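Please open the model in your viewer and keep the selection panel at hand. The tour goes stop by stop.

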Amino acid sequence: VQLQASGGGLVQPGGSLRLSCAASGDIFSIGRMAWYRQLPGKQRDLVAEITFSGIAKYTSSVEGRFTVSRDDEKKTIYLQMNRLKLEDTAVYSCSARVRSSGSGWYTEYWGQGTQVTVSS
């Protein structure tokens, strides 16, 4: 199973970006999916998560500005980021709990990070 993240880049404060993370491989079912971000030398922090049934949760600093969604047919999680701030600058990574065919449990997989830089 592989997760491929895309959509990062350079944006001015107040601007928007949309991140995508597509899962591929031996996938029978995908449970929780999530976005994290990390600054150099800092721990990785949860930004947003979405359950199999579509229930979304956000860290307080992005509530009302970011929207997480998923397309199970495309096996993809999205993060729409609006009204970006300087402090949103970080490497964003995606994760997904995947159940492969013939497996009775879910395993968490991680995608590579994508850089988001908010700067004027």
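Select Tyr78, which lies in strand 8. Strands here are DSSP runs of E with at least two residues, helices are runs of H or I with at least four residues, and both are numbered from the N terminus. This is a predicted model, where local features need pLDDT of at least 70, side-chain atom pairs count only at pLDDT 80 or more, and totals for chains, interfaces and linings use all residues. Residues are numbered from 1 along each chain as its sequence is written, and side-chain values use heavy atoms, with hydrogens and water left out.

Is Tyr78 buried or partly exposed? Tyr78 counts as buried because its relative accessibility is 13%. The cut-offs are under 20% relative accessible area for buried, over 50% for exposed, and partly exposed in between (1.4 Å probe, protein chains only).

Now show the contacts of Tyr78, where contact means heavy atoms within 4.5 Å. Not counting residues up to four places away in sequence, Tyr78 touches Arg18, Leu19, Ser20, Trp35, Thr67, Val68, Ser69 and Asp71. Then draw a distance from Tyr78 to Gly102. Their C-alpha atoms are separated by 28 Å, and the two are 24 residues apart along the chain.

**One step back: Ile77**

Which residues is Ile77 in contact with, leaving aside its neighbours within four places in sequence? They are Leu19, Ser20, Cys21, Met33, Ala34, Trp35, Ile50, Val68, Ser69, Arg70 and Cys94.

**The core**

Ile77 also belongs to the largest nonpolar core, which has 28 residues. Such a core is a set of buried Ala, Val, Leu, Ile, Met, Phe, Trp, Tyr and Cys residues joined through side-chain atoms within 4.5 Å. Select the members with the most contacts inside it: Trp35, Val47, Phe66, Ile77, Leu79, Met81 and Tyr92.

**Two loop residues**

Select Lys75, in the loop between strand 7 and strand 8. Its phi is positive, about 55 degrees, although Lys75 is not a glycine. Lys75 counts as partly exposed, at 28% relative accessibility.

Go on to the loop between strand 8 and strand 9 and pick Arg83. Phi of Arg83 is near 50 degrees, again positive in a residue other than glycine.

**Strand 9: Arg99**

Select Arg99, found in strand 9. Arg99 is partly exposed, at 28% relative accessibility. Leaving aside neighbours within four places in sequence, Arg99 is in contact with Ile27, Phe28, Ser29, Gly104, Trp105 and Tyr106.

**Strand 4: Gln38**

Gln38 lies in strand 4. Its relative accessible area is 34%, so Gln38 is partly exposed. Outside the four places on either side in sequence, Gln38 touches Gln43, Arg44, Ala90 and Val91. Asp26 is twelve residues away along the chain, yet the C-alpha atoms of Gln38 and Asp26 are separated by 28 Å.

**Strand 5: Leu46**

Jump to Leu46 in strand 5. With a relative accessible area of 31%, Leu46 is partly exposed. Not counting residues up to four places away in sequence, Leu46 touches Arg32, Ala34, Trp35, Tyr36 and Thr59. Leu46 and Val11 are 35 residues apart in sequence and 21 Å apart in space, C-alpha to C-alpha.

**Zoom out**

Now select the whole chain. How many helices and strands does the chain have? The secondary structure comes to zero helices and eleven strands. Buried residues make up 40% of the 120 residues. Of the contacts with a separation of 6 or more, 54% join residues 24 or more positions apart. Along the principal axes, the C-alpha atoms fill a box of roughly 50 × 25 × 25 Å.
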